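Q: Please show me how to read the features of this model, one at a time.

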Amino acid sequence: MTKDKAHISVQDLNVHIGGNHILKDINIDIPNKSVTSIIGPSGCGKTTLLKTFNRLHDTAADVKVTGKVLVDGEDIYDPNTEITHIRKKMGLLSQRPYPLPMSIYDNVAYGPRIHGIRKKQDLDIIVEKQLKATALWNEVKDRLNSSATRLSIGQQQRLCLARGLAVGPEIILGDESTSALDPVSTSIIEDLFVKLKQDYSIVLVTHILRQAARVSDYIIFVYNGRIVEYGKTEQVLRDPHEELTKEYVKGYIV
Amino acid sequence: MRRRNLEELFFKFLMVLATLIVGGSFFLIVGTIFYKGAPYMTFDMLTKIPGGGFYIGKEGGILNAIIGSMYVAGGATILGLIISIPVAIYINMYMDGQKFLANTLRMVFDVLFGIPSIVYGAFGFLIMVYFGLRASLLGGIIAVTLLVIPILVRTLDEVIRTVPLELRDAALSLGSTRWETAKVVLRAIRPGIITAILISFGRAIGDVAAVLFTAGFSDNIPTSLHEPAATLPLAIFFQLGSPIEEVQGRGYASALILTIVVLIITILSELLVKKFYKHKS
């Protein structure tokens, strides 16, 4: 797929959770092979928007979603769409790392295994490749069989990224993925995002404007469940068209 | 100021007293059993079944009851676990849209938890009569299984609820089905499963009312599920009811054995839980 072609296309999306109208009339095209950041104040619906992309709301009670979310032209809310197939296409990196309760190796091999890869040689190749892709290989190659929970929190987050990549997704969703990390780990993860956008479309939720500025090509500003402004990073941060955006980004000094 | 200090002192005194009564009772109970039972605590008690005239003070031991209790408690815990794990998983991971039903089920299990064990014994007995079973190891296991299921379900339920939702989301995001996600959750709660097993085993081995009608009693070690089986609590009950001093003494020795078994289980569960949680984040 060529760069800048829409990868996720959201049409007339409305989300209600427990009677509250969380997302209102969302229409947006998220481009391929770029980093798009969703910014906005707490409780504005950023995370809800991100989670509608891989249907994680399905596990919560009383959530109503109307409208369409097209990924590669396929409506993921179509009742005929296989949910595991949708989720396989997207890797999620959550706020805090939640390694699976197993070894480092098995964490990365988990996804490929459930999707049918059984051969040890194949799994070895995937594990090594993804741990290298997330700059973790040199740190863990001698203890692949030790528990993933013994890694530092920054290493765990990179492991979770490797685990997500091992499934072979096309899109990476990051939900404030660096908020629990120290500055060094944060910068490693940010560098990875920039590097990974050559091969993946990346959508990040962040409340750190500087982070959005450092890593993203596009910014979506969400306020009170609506998209207020959407554009190139430079433009949204330096020359916002909307009053609300101006208010929100004025703390950001270049 | 003086009044407040007195008040502080008074309530502190009450708390220390209450703590001493509780702690003291424990030592008093264990001490009494030890004092009365230790003289009769012979190697034969642990390794022999009752010999001729055991109940009038002649030789033998209570190996039949020790083994019988292990069979009943072990069998009931295994059977209970096979039923309880799916229930706990289902309530927590498949009833997302049915919160009300899930909570109603939890309440039902809480009520079952509170039902006295004699009721389970009576119910088990009715089932046996219906199927034409006689008092047997199988009958005892079934009645005690009914007794431990609510304990197991509620313990596992609490443990599953300690697993962060984000871990489930992580597994789901990788394209896991619900069952595959449930397997990840089961891995995460392994220490909790061990705790549940030990709590259930401890409760099952000490219960007398559930096995009273259902397991029967026998001086022999059961060799099949259809033979009656002796259990430690019932053995203690019979021995203490004897007018003969030596048999009563053996009753205390049996109580000592049961207490030690339960103590070992408790300590073991503490140790195992600590060992497992060391690997948790």
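A: Start with helix axes: these are lines fitted to C-alpha atoms, for helices over the stretch in contact, and angles run from 0 to 180 degrees between N-to-C directions. Helices (H or I, at least four residues) and strands (E, at least two) are DSSP runs, numbered from the N terminus. In chain A, the axes of α6(A) and α7(A) (residues 183-196) cross at roughly 20° and come within 9 Å. That makes α6(A) roughly parallel to α7(A), given that angles under 35 degrees count as roughly parallel, over 145 as roughly antiparallel, 65 to 115 as roughly perpendicular and the rest as oblique.

Q: What should I know about the model and its numbering?
A: The model is predicted: local features need pLDDT of at least 70 and side-chain atom pairs count only at pLDDT 80 or more, while totals for chains, interfaces and linings use all residues. Residues are numbered from 1 along each chain as its sequence is written, and chains are lettered from A and ligands numbered from 1 in the order in which they are written.

Q: Which residues make the contact of α6(A) with α7(A)?
A: Two residues are in contact if their C-beta atoms, placed from the backbone, lie within 7 Å. From α6(A) the contact takes A:G154, A:Q157, A:R158 and A:L161, and from α7(A) it takes A:S185, A:I188, A:I189 and A:L192. By class there are 4 nonpolar, 3 polar and 1 charged residues; Ala, Val, Leu, Ile, Met, Phe, Trp, Tyr, Cys and Pro count as nonpolar, Asp, Glu, Lys and Arg as charged, and the others, Gly among them, as polar.

Q: How do α3(A) and α6(A) pack, and at what angle?
A: Their axes are 7 Å apart, at an angle of about 30°, and α3(A) and α6(A) are therefore roughly parallel to each other. Residues of α3(A) in this contact include A:I104, A:V108 and A:Y110, and those of α6(A) include A:L159 and A:A162. The classes are 7 nonpolar, 2 polar and 1 charged.

Q: Is α1(A) buried or exposed?
A: A residue is buried if 20 or more other C-beta atoms lie within 10 Å of its own, exposed if 12 or fewer, and partly exposed in between, with C-beta atoms placed from the backbone. In α1(A) (residues 46-53), 7 of the 8 residues are buried, so this helix is largely enclosed by the rest of the structure. Among the buried residues are A:K46, A:L49 and A:F53. A:R55 follows α1(A) and has a positive phi, near 55°.

Q: How many residues does each chain bring to the contact between chain A and chain B?
A: Chain A brings 26 residues and chain B 23. On the side of chain A, α2 (83-88), β6 (90-93), α3 (104-114) and α6 (153-166) each supply at least two residues. That side has 12 nonpolar, 10 polar and 4 charged residues.

Q: What does chain B look like on its own?
A: Chain B has 12 helices and 0 strands. Its C-alpha trace spans about 70 × 70 × 35 Å along the principal axes. Of its 281 residues, 38% are buried.

Q: Which domains does chain B have?
A: Domain bounds come from an automatic or database domain assignment, which here gives domain 1 (2-38) and domain 2 (65-277). The C-alpha centres of these two domains of chain B lie 32 Å apart. In chain B, 5 residues of domain 1 are in contact with 6 residues of domain 2.
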